[in-house]
Amino acid sequence: MADFRPTAALRNDLLAWFDRHKRDLPWRRTRDPYAIWVSEVMLQQTQVATVIPYWKRFLERFPDVTALAQAELPEVFALWRGLGYYSRARNLHRAAQAIVSTHGGKLPSDAAALLKLPGFGRYTAGAVASIAFGEAAPLVDGNVARVFSRLFLVEGAPGDRAREKKLWALAEEAVALGKRPGDWNQALMELGATVCRAEHPSCLLCPVRSRCGAFAHGRVDELPLARVRAARQAMQVAVAVCRRGETFLFARRAEGGLFGGLWELPSVEVTPGASHAQMADALVRALGSSARVGASLGAVKRVLTHRALTLELFEVELARLRAMPSVQEWRWATAAEADRLGMSTAMAKAFALARDAGQRTVRVSGSRRRGSKVSVARPPRRRPRGAATGPMLKERRADP
Ligand code: SF4
């Protein structure tokens, strides 16, 4: 059996194809290491088409490392909303601060130094070092892993340590075989994204078909082995909608964990399947005995990579706030101000529901003329069993 390994001929074929067919992406028109770094972080787990407008907005607002380092984290989160994986934004911000404080605001130019910065794993360090600085640094992402698995007949399933080790060894060997390390790494990823796709790879259009082990052995459909995905966990959260005039109460979560550091309507995780009464109890336990939980305002569902998230909204009135370990900061904000807070997409949708529920209430009770605009389905205003039964309390003191 032929030995399928990286060779200079393979590199030449792939680079020639890349030169002719590479997509015109905005971060490929710059040599700015900072702009390239931001693109690499955004592209992890996210499609190119989604990333482009985010990248442009981010670079407009934070044109260099110093601007990002000086920004408030919630503003960074606000620009990140919709990309998910907020820890990436947090690490980007932390790394920018570290670059300003220890590298004079300039990204270090080699993978070893980059790896010491927050959020830089082997992939990001290899990508920035090779693309922005021309270092012969290897990288392996999902696309490269799939291409290598097929080209070089790498066995094993994603997540298998022996397979990962082999893939990185191949990447190291291949990038060291010639010049243009950044283009080589990008060419591999480009091939994986556009030709050697997970489903229905276009082998007949492939520039390295004659050097591909899986094609030669008729194993394209079986390599790489499919990842055994863990079932998504159900996650249910009871959300408190506290109003004061035109403003709503927001909490900024403590750092760490899912949604750490992000703003949200005050919330508490409950057991999946919890009843309205159980959710009301959980809100009272979290917010304190002065909380009066009123009607349900509906629910927002969102599927994350590993979780199926349900946010259940309730009207809540609070006479006073008490400290919550999960909250580092409180704020009353209008809808316009809330738009600039760093919230997750799920929470932003929940807030839109809460805001619209408030508007519907105003229209229904204050004006019959525009009542026909009430078009969003609203759940029956059930009062959870065990929740407040009298009129809800007006807030009196202890403004957060
Ligand atoms: S021949 Fe097919 S399987 Fe092999 S690298 Fe090209 S697209 Fe991928």
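Reader: Strand E3, residues 247-253: how many of its seven residues are buried?
Author: Six of the seven, so E3 is largely enclosed by the rest of the structure. Keep in mind that this is a predicted model.
Reader: Which way do E3 and E8 run, parallel or antiparallel?
Author: Antiparallel, with six bridges joining E3 to E8, residues 327-333. Leu-249 has Trp-332 in E8 as its bridge partner.
Reader: And how many bridges join E3 to E4?
Author: Two, and that pair runs antiparallel. Arg-252 is bridged to Trp-263 in E4.
Reader: What do E2 and E3 form?
Author: A hairpin, with two residues between the strands. Gly-245 sits in the turn and has a positive phi of about 60°. Arg-243 has Phe-248 in E3 as its bridge partner.
Reader: Switching topic. What is the strand order in the open sheet?
Author: E5-E1-E7-E6, with mixed pairing. E5 (267-270) and E6 (291-303) are the edge strands. On average, neighbouring strands are turned by 25° against each other, direction ignored.
Reader: How many bridges join E1 to E7?
Author: Nine, and the two strands run parallel. Val-239 pairs with Leu-313 in E7.
Reader: Now the largest nonpolar core. Which residues touch the most other members?
Author: Val-241, Leu-283, Phe-314 and Ala-350, out of 111 residues. Helix H15 (residues 345-366) gives the largest share, eight residues.
Reader: Why does this core lie between domain 1 and domain 2?
Author: Because domain 1 (8-222) and domain 2 (233-373) both give residues to it.
Reader: What is Val-241 in contact with, leaving aside neighbours within four places in sequence?
Author: Its contacts include Phe-248, Leu-265, Phe-314 and Ala-354.

Terms used
Residues numbered from 1 in each chain as written. Predicted model: local features only at pLDDT ≥ 70, side-chain atom pairs only at ≥ 80, totals over all residues. Core = buried A, V, L, I, M, F, W, Y, C linked by C-beta atoms within 7 Å. Buried ≥ 20, exposed ≤ 12 C-beta atoms within 10 Å, placed from the backbone. Helix = DSSP H or I, 4+ residues; strand = E, 2+ residues; numbered from the N terminus. Domains from an automatic or database assignment. Contact = placed C-beta atoms within 7 Å. Pairing = 2+ DSSP bridges. Axes fitted to C-alpha atoms, helices over the stretch in contact; angles between N-to-C directions.
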